[in-house]
Amino acid sequence: MRNVLITGGTGLVGSKLTKVLADKSYSVSYLSRKSSYQKQGVSVYQWKLKAPEIEKSTFENTQYIVHLAGANIGEKRWSETQKRLLVESRLDSSEILYTKLKAHGQNIKAVISASAVGIYGDHGDDWLDENSGVGNGFLPELCSNWEASVKRIQDELGIRTVMLRIGVVLSGRGGAFFKMAKPIKYWLGAPIGSGSQFISWIHIDDLCNIVIKAMEDSTMSGIYNAVAPAPVTNHEFTSMLAYFMEKPLIMPKIPKFVFRLMFGEMSQILLDSIRVKPERILQSGYQYKYPTLDTALIRILKKAKGRI
Ligand SMILES: NC(=O)c1ccc[n+]([C@@H]2O[C@H](COP(=O)([O-])OP(=O)(O)OC[C@H]3O[C@@H](n4cnc5c(N)ncnc54)[C@H](OP(=O)(O)O)[C@@H]3O)[C@@H](O)[C@H]2O)c1
């Protein structure tokens, strides 16, 4: 049986990925901070980022590692303490993986790691692909250091590594979609700032399928933008979501400065315009299940029914 070890497997993406992997007859184990976490069919190993001891058997019979661990970027205001947590949770976990793989990584065929399209920073209407440069600010710097911490596994240990620059993940189980849909449900929805900033999004099913393709396709290596091929503006996203939720958009746009006052530097996540093309994913031959926002939203709203 093929085995996959997921770090951060208890989160939004990891939980869905676990199900998709199980449906494809993979066995799954987690590296988690939670000592008592239990999930049927999943072996859970514990790790502590400040005391990097991991049970030796963790890597036994494992062929693939999917590295998703990291403190949630959109959960809390970015105080200096929170920023440190966002950085350390990613760099320290990568460092532990690197060290353990150096000692026990002989059977590992590939490491697939999360990164984020936030690496590009604000670029207005410009299309961005994997060759575009790193932007300015906290998020681009965080993502760039995160990718560098994973790249060592490829460069120094020779293990094939794929880094996925993930866009806003749309899921009917939580995450950004719920934050966007909730105000609309209560007639409080409105575009943010000018509304002309681009959102690069991906349906969670496509993201999970891309992770699995990256595991199985030995020609894939390096950086890939994990986004749908049709990014939309914030205004288009909000309007389409309101349309499918059958709610009117009656509120005025939320001015940038108000949004900045509410969320501080974290407001960058929704104010930056990041229009990303999944150039290398398309070249790899991957066929999207949800290439356009309308098909994705219809599906997500069905899944989220009763939860928003
Ligand atoms: N969701 C998105 O829209 C999106 C977009 C771009 C990139 N990404 C990236 O993709 C990855 C997975 O996303 P997700 O939405 O599934 O994230 P999530 O729901 O926040 O889950 C991340 C997991 O990381 C672990 N974690 C949390 N805080 C940690 C800390 N301080 N130190 C070490 N581990 C910690 C947790 O697992 P344990 O409690 O089991 O340790 C958690 O379940 C993340 O790295 C995220 O930044 C996500």
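The largest nonpolar core in this predicted model has 73 residues, and Leu164 and Leu207 are the ones with the most contacts inside it. Helix 5 gives this core its largest share, seven residues.

Let's stay with Leu207 for a moment. What does Leu207 touch once its neighbours within four places in sequence are left aside? The contacts are Val13, Ile166, Val169, Ile202 and Ala226.

Leu207 sits in helix 5, where it is buried along with Ile204, Asp206, Cys208, Ile210, Val211, Ala214 and Met215. The helix covers residues 204-216, and its length checks out: 13 residues at 1.5 Å a residue should span 18 Å, and the end C-alpha atoms are 18 Å apart, so the two agree.

**Two paired strands**

Strand 1 (residues 3-7) and strand 2 run parallel, joined by five bridges.

| Strand | Residues buried |
|---|---|
| Strand 1 | four of the five residues |
| Strand 2 (residues 27-32) | five of the six residues |

Why call strand 2 largely enclosed by the rest of the structure? Because five of its six residues are buried. Strand 1 is also largely enclosed, since four of its five residues are buried.

**Around the ligand**

There are 26 residues around the ligand, and Gly8, Gly11, Val13, Ser32 and Ser89 come nearest. Val13 has already turned up here as a contact of Leu207, and Ser32 is the residue at the end of the 27-32 stretch that makes up strand 2.

Which elements supply at least two residues each to this shell? They are helix 1 (12-23), helix 2 (80-104), strand 5 (110-116) and strand 8 (168-170). By class, the shell splits into 14 nonpolar, ten polar and two charged residues.

**A residue in a loop**

Now for Ile108, which lies in the loop between helix 2 and strand 5. Is Ile108 buried or partly exposed? It is partly exposed, because 19 other C-beta atoms lie within 10 Å, and a residue needs 20 or more to count as buried.

Leaving out residues up to four places away in sequence, Ile108 touches Thr62, Gln63, Ile65, Leu101 and Ile159. As for Asn61, it is 47 residues from Ile108 along the chain, with 8.8 Å between the two C-alpha atoms.

Conventions. Residues are numbered from 1 along each chain as its sequence is written. This is a predicted model: local features need pLDDT of at least 70, side-chain atom pairs count only at pLDDT 80 or more; totals for chains, interfaces and linings use all residues. The expected span of a helix is 1.5 Å times one less than its number of residues. A residue is buried if 20 or more other C-beta atoms lie within 10 Å of its own, exposed if 12 or fewer, and partly exposed in between; C-beta atoms are placed from the backbone. A residue is near a molecule or strand if its C-beta atom, placed from the backbone, lies within 6 Å of it. Ala, Val, Leu, Ile, Met, Phe, Trp, Tyr, Cys and Pro count as nonpolar, Asp, Glu, Lys and Arg as charged, and the others, Gly among them, as polar. A nonpolar core is a set of buried Ala, Val, Leu, Ile, Met, Phe, Trp, Tyr and Cys residues joined through C-beta atoms within 7 Å. Two residues are in contact if their C-beta atoms, placed from the backbone, lie within 7 Å. Two strands pair if DSSP finds at least two bridges between them.
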